[in-house]
Amino acid sequence: RVWRKRLPWLVAAAALAAAVVAIAWLPARPVSSPGRMQRLDLDLGMGFQPHPRSASAILSPDGTRIVFRGAGPDGAVDLFVRRLDQPSAIPLRTGGGSDLFFSPDGQWLGFFRDGTLWKVRVAGGPPVALCAAAVQAARGADWGDGGFIVASVDPSAGLVRIPDGGGTPVPISALDASRREVTHRWPQVLPGSHAVLFTSHTFAGRFDDGAIEAVSLATGQRTTLQTRGYFGRYLPSGHLVFVRHNTLFAARMDPARLALTGPPVPVLNHVLGDEDLGRLQFSFSTAGDALALTGEWIEPTSVPVWRDQSGRSVPLPMPAEEYSDPRVSPDGRQIAMSMRHTLSRQIVVQTPGSPSPVRLVSDAMDLMPLWAPDGRHLVFASDADRGIHNLYWRRADGAGTVERLTRSSRVQHPSSMSPDGRLLAYVEISPATATDIWVVPLDLGDPNRPAAGRPRPVLQTPALEEGPAFSPDGNWLAYSSTESGQAEVYVRAMGAYAGKRQLTRGGGERPLWARSGRRLFFERQGRMMAVDVSATPISFVAGTPRQWAEWAIPRPDERYAQRSFDLAPEGKRMLVLQPSSGPAQAHSRTAATLLVSFFDELRRLAPAPR
């Protein structure tokens, strides 16, 4: 009877003692048995959504913290620090950032944002600008232990070296024309800072067929370590890891001789690699753990829907697919879009009464269709020439041949044509001046084989200039620019009068003219806005912007699209790509996965040669 009375109190006391011991000995990193890897799918909180293209999360060198991109309670994008032994994350107040990397001592974080390479103390403080680097063009950076950073600030050039206190980038590698190389990207400075690993390729996409190389910082000599793979990383376990077909491979490596000493073996399936960019969100600690995005990314599908100002919807009779960039023909009877096709994308055209859209088939990545004023031809971006998106022309019915309009080593996206079809405005990405607006004249004597003249820049500044749109009379060009510190809508005269007006204060992008020329639509924080205007060739008067409709505009995948909507010719309806499945379903098979004792797993699967 005495034991029955005392037993509950003894059990409670024992549980309390065990809890105190557990808290006192809570490790900074999870513990597993030697040689046995554990996979822990993490809920980082703060709006973090694993995604192979946009979300970023990295493990600190000592393995105690994760820094990731997320959103605070107010929805504002930021970078957050989360200790593994703490329940919540702390914002760094950077306003976001991408392609994150730590300093060797883990005290600083490097990242790209707003056309600049930055660093910020992990303990907090204001970000420090290091050098210009177009975010759309940058392809990774790494911090060496010799007081410098190696970065890819131009995907169509070699790597550069930057003092970690900031300064002028100095080239350390050059594209090999004899091998027809088009890119060097995703560098890693090897221990001792004597050489740099990077991914090279003869095509700016489809990186499963890329190569992992190393360049000596002393001599500039290059060594190919692995063909057919991307995002090579040397780990202190003595292994090179890389990605191919969403599988992580590992091979024994001698970093001093820059040579592999064993064959590659698969070590982890279903990693979320990005074969189009050659990137894997993967990081590791000296404690032997690693962090990677794993699972399966399900691309969200959409359906094209007509929506009026009241929100009434009329879907088009088309199946749900991975569409982007819808464009309504000048007569309003045809719809052109880009659509995913196996591992690429192609342009499709839907015509009235047609049971299925016309596919303008090619073996390239074709994006961002744009109607010519005659309604019978399309301009689009294609990477048909070794992965660099330039501008092409083709009949909308799929007949005839594809005609190339521009030839550049820079990525280009079409945006608007003048009413007479003789001037094409487009966006070009530059590592020095971010996104710029250019125009190219077109001779349409033979509309099936137009002749392109000499391109010229219209706006080429460090700000992000995007979405150029000709007014219906051709006298004005609307566009968005970040020259004020955030994206705002401007108009610029295209004639002899060099006038310029800022139309928005409070944000605006993706401008779109009504056919009457008396109204301009634009997007602001996911809402469709409108502003009434009155313009002549030498004057421009604008009213106060107002919200045009209550419904939200789906955000486009910015790799494949400029916008997810277009205006009907009568100006009373919008064609919108309405998601056919919610974000939760699209992300349900992905996770930020902590791989505990990952180095032990590598040693087991790829042991040192005897």
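In what order do the 4 strands S10, S11, S12 and S13 form an open sheet, and is the pairing parallel or antiparallel? The order is S10-S11-S12-S13, and the pairing is antiparallel. Its edge strands are S10 (141-143) and S13 (170-171), each pairing on one side only.

This is a predicted model: local features need pLDDT of at least 70, side-chain atom pairs count only at pLDDT 80 or more, and totals for chains, interfaces and linings use all residues. Residues are numbered from 1 along each chain as its sequence is written, and side-chain values use heavy atoms, without hydrogens and water.

Strands (E, at least two residues) and helices (H or I, at least four) are DSSP runs, numbered from the N terminus. Two strands pair if DSSP finds at least two bridges between them.

A second open sheet also has 4 strands, in the order S33-S34-S35-S36. Its pairing is antiparallel. Strands S33 (366-371) and S36 (403-404) each have a single partner strand, so one side of each is left without a neighbour in the sheet.

| Strand pair | Sense | Bridges |
|---|---|---|
| S12 (residues 160-163) and S13 | antiparallel | 2 bridges |
| S35 (residues 390-395) and S36 | antiparallel | 2 bridges |

Arg 161 stands opposite Val 170 in S13. Trp 393 stands opposite Glu 403 in S36.

Helix H3 spans residues 598-605. Phe 598, Phe 599, Glu 601 and Leu 602 are buried there (under 20% relative accessible area, 1.4 Å probe, protein chains only). Seen down the axis of H3, these buried residues fall within an arc of 155°, so they line one face of the helix. The arc is taken from the directions from the helix axis to the C-beta atoms.

Terms used
Buried means under 20% relative accessible area, exposed over 50%, partly exposed in between (1.4 Å probe, protein chains only).
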